[in-house]
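Student: I'd like a close look at one helix and the core around it. Could you walk me through that part slowly?

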Amino acid sequence: MRSSAASDVYKRQDKNMASSKEYLQFILEQLSDLEEINYRAMMGEYIIYYRGRIVGGIYDDRLLVKPTKSAVSYMATAIYELPYEGAKEMLLVEDADSKEYLAGLFKAMYDELPVHKSNNKIMKF
């Protein structure tokens, strides 16, 4: 079940299209209360970093996060979706309209996220 909230304005009908920069900007604004949020463009999609660790990404204008135990516990309903064919399942974030919810989710997940090797292509927000 998908929310009919403001974030759905950015959803696309064609699932083969890359994510829009407008949806990226919407998500970055929603995450603006957190420090050290960065992103990296990759093949038309966006990888999201929190404090140097990959927390998830934007795929087909959907915010998906890694399925850590804390993320599953934090979400009222954990919906697994594929970011792209052949990938591991991730969790769909349905409450992307709530800055407080997203901040709490990312903070809850942080300790379970693997440390990411440094990469100069990460865009600072």
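Tutor: Happy to! Helices (H or I, at least four residues) and strands (E, at least two) are DSSP runs, numbered from the N terminus. This is a predicted model, where local features need pLDDT of at least 70, side-chain atom pairs count only at pLDDT 80 or more, and totals for chains, interfaces and linings use all residues. Residues are numbered from 1 along each chain as its sequence is written, and side-chain values use heavy atoms, leaving out hydrogens and water.

Let's start at K66, in the loop between β4 (62-65) and α2 (69-74). K66 is partly exposed, with a relative accessible area of 27%; buried means under 20%, exposed over 50%, and partly exposed in between (1.4 Å probe, protein chains only). Contact means heavy atoms within 4.5 Å. Beyond four places away in sequence, K66 touches residues including A71, L113 and M109.

M109 leads us to helix α3 (residues 99-109), where Y101, L102, A103, G104, L105, F106 and M109 are buried. Their cover includes α1 (21-30), β1 (37-42), β2 (45-50), β3 (53-59), β4 and α2.

Now for the core. A nonpolar core is a set of buried Ala, Val, Leu, Ile, Met, Phe, Trp, Tyr and Cys residues joined through side-chain atoms within 4.5 Å. The largest one has 29 residues, and L105 and F106 touch the most other members. Its largest share, six residues, comes from α3. Leaving aside neighbours within four places in sequence, L105 is in contact with V65, A71, Y74, M75 and V93. A second, separate core of seven residues includes Y49, Y59, L64 and L92.
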